[in-house]
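User: I'm new to reading protein models, and I'd like to go through one feature by feature. Can you show me how?

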Amino acid sequence: MSVHSEVKKITTHVLQEMKRNGEKIAMLTAYDFSLARILDHAGIDVLLVGDSASNVMAGHETTLPITLDQMIYHASSVVRAVQRALVVVDLPFGSYQGNSKEALQSAIRIMKESGAHAVKLEGGREVKESIERILTAGVPVMGHLGLTPQSIYKFGTYVVRAREEEEAQRLVEDAHTLEQAGCFAIVLEKIPATLAARVAQEVKIPIIGIGAGNGVDGQVLVLHDMLGINNEFHPRFLRRYLNLYDEIKSATGRYIADVKNRDFPNEKEQY
Ligand code: KIV
């Protein structure tokens, strides 16, 4: 038996079982081989190759510019690193909104060219047909409701969503629609905790929150925010586990000084 076959891989079914057993799901974003490998070794359940790569990897202001080819590049790097985690990949803006045939083609490219395990897309009833069509090809789909960054120009801000009754009701209906369409899980981003908890109770599939409180089935954070690589983003929901911005800056400063002072390399560091 190979070492690999001893690792209990996380599948969409395992996630649903975790919800039934009341075990919380830990998800983080990942975009490259080296960091994905560490997260997988640490025991993360789900790695999301998020279109937030557009922000944190490429420096764009929004998630809109990232392309399907770029998402596939990031996803295949992550897949090569992973033995245990489920790898979910965002369908980028413009790769699925046109029609369900386009959505299916994009999902197939991601699965075939990156080796990922599932795709995620943003939206409710308006993407139901696309979700159903992607599922016909056997590709698992994760939904995403609440704050949907690909629609930033429609809403104009990144403030908390679904505070008003009408929007909250629509979100609950959309969650049921996504469940009926066949999504295996849903991300709820930046909505009131009570509303997110209600959705998690009403639907059977796992609800993964980001800025959606503790009454859901799991949590996701953007890796660069959680590690403190990005020091300019301070939303209330973010817990920073490291301050890598300062650590990396200080290490780089010491390296620069060592080079300038002719202290690096020393005799043991040369051939
Ligand atoms: O792209 C992303 O990082 C996401 C998370 C915020 C859920 O969709």
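Analyst: Let's begin with residue classes: Ala, Val, Leu, Ile, Met, Phe, Trp, Tyr, Cys and Pro count as nonpolar, Asp, Glu, Lys and Arg as charged, and the others, Gly among them, as polar. By that scheme, the shell around the ligand here has four nonpolar, four polar and four charged residues. Before we go on, note that this is a predicted model, where local features need pLDDT of at least 70, side-chain atom pairs count only at pLDDT 80 or more, and totals for chains, interfaces and linings use all residues. Residues are numbered from 1 along each chain as its sequence is written, and side-chain values use heavy atoms, with hydrogens and water left out.

User: Which residues are around the ligand?

Analyst: A residue is near a molecule if one of its heavy atoms lies within 4 Å of it. Here the residues around the ligand are Thr29, Leu48, Gly50, Asp51, Ser52, Asp90, Lys120, His144, Val187, Glu189, Ile210 and Val222.

User: Is Thr29 buried or exposed?

Analyst: Buried means under 20% relative accessible area, exposed over 50%, and partly exposed in between, using a 1.4 Å probe and protein chains only. Thr29 counts as buried because its relative accessibility is 2%. You'll find Thr29 in strand E1, residues 25-29. Helices (H or I, at least four residues) and strands (E, at least two) are DSSP runs, numbered from the N terminus. Thr29 and Asp51 are 22 residues apart in sequence, and their C-alpha atoms are 9.3 Å apart in space.

User: What does the side chain of Ser54 reach?

Analyst: It reaches the backbone oxygen of Thr62, at 2.7 Å. Ser54 sits in helix H4, residues 53-56, and has 0% relative accessibility, so Ser54 counts as buried.

User: And what about Lys19: buried or exposed?

Analyst: Lys19 has 15% relative accessibility, so this lysine counts as buried. Lys19 belongs to helix H2, residues 12-20. A polar atom of the Lys19 side chain lies 2.7 Å from the backbone oxygen of Ala200.

User: How is the chain divided into domains?

Analyst: Domain bounds come from an automatic or database domain assignment. In this chain, domain 1 is 3-240 and domain 2 is 244-271. Their C-alpha centres lie 39 Å apart.

User: How do I check the span of helix H12?

Analyst: The expected span of a helix is 1.5 Å times one less than its number of residues. H12 covers residues 244-260, which is 17 residues, and reaches 24 Å from its first C-alpha to its last, close to the 24 Å expected.

User: What comes just after H12?

Analyst: Arg262 does, with a positive phi of about 60 degrees, although Arg262 is not a glycine. At 74% relative accessibility, Arg262 counts as exposed. Pro265 is also in the segment after H12, and the peptide bond from Phe264 to Pro265 is cis, with omega near -5 degrees.

User: Where is Lys190, and what is its phi?

Analyst: Lys190 is in the loop between strand E6 (185-189) and helix H10 (193-202). Phi of Lys190 is near 50 degrees, a positive value in a residue other than glycine.

User: Is Phe184 buried or exposed?

Analyst: Phe184 is buried, because its relative accessible area is 5%. Look for Phe184 in the loop between helix H9 (165-181) and E6. Phe184 and Leu227 are 43 residues apart in sequence and 28 Å apart in space, C-alpha to C-alpha.

Key:
Polar contact = N/O pair within 3.5 Å; in protein donor to acceptor, adjacent residues only side chain to side chain.
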